[in-house]
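Hi everyone, thanks for coming along. Please have a look at the structure on the screen, and then I'll walk you through it.

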Amino acid sequence: MVRMGDKVRDPAGSRALALVPAAVAILVGVWSKMWLVARGVRATELHYGPRGVEACNPSGCGALRGAFAPPLDVVILQWLALAGGFLALAVAVEFGGMALAKRRGKLPSIKAGTFVLAGALAAMLAFEIRVLADGELHLGWAAIAALAGTAAAIAALRWLGRALAEPEPIATRTTQPSGEHAPP
């Protein structure tokens, strides 16, 4: 029985917190266009990511619409990487939020969440590898953030699954009992 003054250990809640930085890394990585970078003349850079292409110079960045037409396979992988990134974000937020809110009985299967995250990681990797194979662009920081965030979310979700498989949290006394209930 848990009484006032008892400290309840909740490993699932602690482990769900690991999904927070993973979700932030996925969001920042997917939202940015700095997945692939090409350096141009006069401090101009071309940034390419799942959300599109932009040209940047010291005065600012602007989207390139119609000036750059990638091959159809790259466009399909780009859309898959974008959809996969947002799905990975949704899974990390859902599992982390539901576990922290102690609504664990309503969580979908950990295996299903891991499968979605693995599919998202595969889609993002396929886009990155396909465009890097052309040899004109270099790896950018946003791709690393999105891919590492998704891989961290997979590990955190599996770690959370092990905590959810454990029995209910146990209570430990943090203060000495006093009064008539105190041991002799």
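Let's start with D134 and R130, whose side chains meet in a salt bridge at 2.9 Å, N to O. By salt bridge I mean a side-chain nitrogen of Lys or Arg within 4 Å of a carboxyl oxygen of Asp or Glu. As a general idea, side chains of opposite charge can pair when their charged atoms come close. Before I go further, this is a predicted model: local features need pLDDT of at least 70, side-chain atom pairs count only at pLDDT 80 or more, and totals for chains, interfaces and linings use all residues. Residues are numbered from 1 along each chain as its sequence is written, and side-chain values use heavy atoms, with hydrogens and water left out.

Back to our pair. How exposed is D134? D134 is partly exposed, at a relative accessible area of 45%. To place that value: buried means under 20% relative accessible area, exposed means over 50%, and partly exposed is in between, with a 1.4 Å probe and protein chains only. R130, at 22%, also counts as partly exposed.

R130 has another partner, D73, and here the closest N and O atoms are 2.7 Å apart. D73 lies in helix α3 and R130 in helix α4, so this pair ties together parts that are 57 residues apart in sequence. D73 is partly exposed as well, at 36% relative accessibility. Put together, D73, R130 and D134 are linked in a network of salt bridges.

How many salt bridges does a search of the whole structure find? The number is 3. R39 is exposed, at 63% relative accessible area, while E45 is partly exposed, at 23%.

Now let's follow helix α4 itself. A quick word on names: helices (H or I, at least four residues) and strands (E, at least two) are DSSP runs, numbered from the N terminus. Helix α4 covers residues 110-133, which makes 24 residues, and reaches 34 Å from its first C-alpha to its last. That is close to the 34 Å expected at 1.5 Å a residue, where the expected span is 1.5 Å times one less than the number of residues.

What sits at the two ends? At the N-terminal end, S109 caps α4, with a side-chain oxygen 3.1 Å from the backbone nitrogen of K111. After α4 comes G135, whose phi is positive, near 85 degrees.

Which residues of α4 are buried? Among them are G113, L117, A120, L121, M124, F127 and V131. The buried residues of α4 pack against several elements, including α2 (19-31), α3 (72-100) and α5 (141-165).

Q78 is buried, with a relative accessible area of 10%. Leaving aside neighbours within four places in sequence, Q78 is in contact with Y48, G49, P50, R51, G52 and F127, and contact here means heavy atoms within 4.5 Å.

F86 is found in helix α3 too, but F86 is partly exposed, at 35%. With the neighbours within four places in sequence left aside, F86 is in contact with V30 and W31. F86 and W31 are 55 residues apart in sequence, and their C-alpha atoms are 9.2 Å apart in space.

Let's zoom out to the whole chain. How many helices and strands are there? The secondary structure comes to 5 helices and 7 strands, and from the N terminus on, the order is β-α-α-β-β-β-β-α-α-β-α-β. The chain has 184 residues, and buried residues make up 38% of them. Among contacts between residues at least 6 apart in sequence, 69% join residues at least 24 apart.

To close, one more look at that network: D73, R130 and D134, linked by salt bridges.

Terms used:
A polar contact is a pair of N or O atoms within 3.5 Å; within protein, one must be able to donate a hydrogen and the other to accept it, and residues adjacent in sequence count only if both atoms are side-chain atoms.
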